[in-house]
Amino acid sequence: MARALYIHWPFCAKKCPYCDFNSHVREGVDIAAWQAALISDMRAEAEVAWGEALTSIFFGGGTPSLMPPALVAALLAEAERLWGFDPGIEITLEANPSSVEAANFAALAGAGVNRVSLGVQSLDDAELKFLGRLHGADEALAALETAQTHFGRVSFDMIYALPGHTPELWQERLTRALSFGTGHLSLYQLTIEPGTRFASDVRRGRLVPLDDDEAAQLFSITKSLTEAAGMPAYETSNHARAGEQSRHNLAYWRYQDYAGIGPGAHGRRGGVATVRHKKPENFLAAVARQGDGIAEARALPVADQAAEALLMGLRLTEGIDLAALSARFALPVSGLIDEAALARLAGLGLMWREGDLIGVAPPGRSLLDSLLAEVVADTLVAA
Ligand code: SF4
């Protein structure tokens with residue numbers, strides 16, 4: 001069983017126009033105050049979550065590569081003291097591929113980070129500018145090379161289905177991305193999230209996203225090229241060589257428990273959903289007041305847990321074991337899924353069923369949300 005710890009660092013140098021993560025731009029950050037607050041939040045979590053060694057830690061953000069390596073080292077030392085580390089622990093840090101941050105990679109590896117996930121996003125300067133990124137393509141490639149020198153495991157993100165992305169162009173870009181030989185790639189289609197600058201650009205007609213058919217064509221190119229390169233999708237947007245999957249993210253998708261500390265971090269432990277205060281200043285105030293940053297800790301009804309487990313698990317290529325889920329939540333299979341809808345979607349080639357295992361077939365992957373709405377039992381959705 002996974003014992004996963006997520007640590008959120010909420011600060012970025014600049015807000016990207018498509019970003020709806022909990023990220024904030026601040027003039028100055030009091031590192032000593034943040035170290036004390038995150039350690040206090042971690043200690044509070046250790047009092048209630050597991051007594052066993054951690055199997056993964058993930059520093060997400062925001063831009064955790066802006067954290068001083070000494071802060072990362074201090075947080076890791078505390079986590080090890082509180083829980084202990086499994087010998088094969090995976091410690092991932094999300095990083096922006098700028099030269100400033102790459103200069104810290106050796107020190108971050110020295111602090112114990114053994115996997116890095118780089119927000120490269122594009123290998124083209126004009127696209128990076130459109131995405132509002134502060135780095136250029138050459139800088140990103142240099143950072144990738146530095147990362148591959150210092151970390152045993154490297155992943156990077158690319159965004160596709162940008163306006164103007166033809167099949168030929170995306171094929172060329174992805175072929176290049178695959179040529180760098182990382183063991184993991186996260187390939188996301190541009191989605192327009194409410195409340196972002198891109199959402200208002202679309203409303204004002206300044207940005208025209210690709211239509212669904214064009215995006216589906218790019219999705220299919222992604223599948224063919226990554227499979228041919230030995231990096232098939234193991235989740236909707238995540239591709240890896242055998243053994244290179246993100247163990248931390250697998251804990252989320254397999255609906256295993258995880259502790260989440262830092263502003264806005266979510267956690268799931270023993271059927272309790274935790275969420276921390278989102279705004280950095282409110283988080284610090286909560287820790288000063290109560291010793292942890294928790295805004296809400298709520299016992300989830302079993303039906304909500306089962307619905308979450310289905311929504312997460314059906315993202316995975318490996319699918320979900322209905323018998324195991326039924327035993328875990330003491331619900332009949334008919335209380336988990338709409339079997340008639342599943343049979344119909346399987347008949348259309350969009351989903352599959354092999355005994356107790358069900359999953360989304362490749363042609364259904366770009367339609368995931370609508371498939372989930374049909375196949376998850378009404379009793380769970382209504383819960
Ligand atoms: S660097 Fe990442 S977290 Fe920060 S604003 Fe950009 S996309 Fe969001």
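## Salt bridges, domain contact and ligand shell

The count of salt bridges in this predicted model comes to 20, where a salt bridge is a side-chain nitrogen of Lys or Arg within 4 Å of a carboxyl oxygen of Asp or Glu. Because the model is predicted, local features need pLDDT of at least 70 and side-chain atom pairs count only at pLDDT 80 or more, while totals for chains, interfaces and linings use all residues. Residues are numbered from 1 along each chain as its sequence is written, and side-chain values use heavy atoms, with hydrogens and water left out.

| Pair | N to O distance |
|---|---|
| Arg 173 and Glu 127 | 2.3 Å |
| Arg 315 and Glu 235 | 2.5 Å |

Arg 173 belongs to helix α7 (residues 167-178) and Glu 127 to helix α5 (residues 125-130), so this pair ties together parts that are 46 residues apart in sequence. Helices (H or I, at least four residues) and strands (E, at least two) are DSSP runs, numbered from the N terminus.

The protein divides into domain 1 (4-252) and domain 2 (302-382), with bounds taken from an automatic or database domain assignment. Their C-alpha centres lie 28 Å apart. Nine residues from domain 1 and eight residues from domain 2 take part in the contact, meaning heavy atoms within 4.5 Å. The area buried between the domains is about 800 Å², and carbon and sulfur atoms give 60% of it. Buried area here is the accessible area (1.4 Å probe) that two parts lose on being put together, summed over both. Phe 219, Glu 235 and Thr 236 supply 47% of the area that domain 1 buries against domain 2, more than any other three residues.

Across the interface of domain 1 and domain 2 the rule finds one salt bridge. On the side of domain 1 that touches domain 2, α9 (212-228), β7 (233-235) and α10 (247-253) each supply at least two residues. By class, that side has six nonpolar, one polar and two charged residues; Ala, Val, Leu, Ile, Met, Phe, Trp, Tyr, Cys and Pro count as nonpolar, Asp, Glu, Lys and Arg as charged, and the others, Gly among them, as polar.

Residues around the ligand include Cys 12, Lys 14, Lys 15, Cys 16, Gly 62, Asn 96 and Arg 133, each with a heavy atom within 4 Å of the ligand. The shell has five nonpolar, four polar and three charged residues. Gly 62 sits in the loop between β2 (54-61) and α2 (69-83), and a cis peptide bond with omega of about 15° joins Gly 61 and Gly 62.

Tyr 255, in the loop between α10 and β9 (258-261), has a positive phi near 55° in a residue other than glycine.
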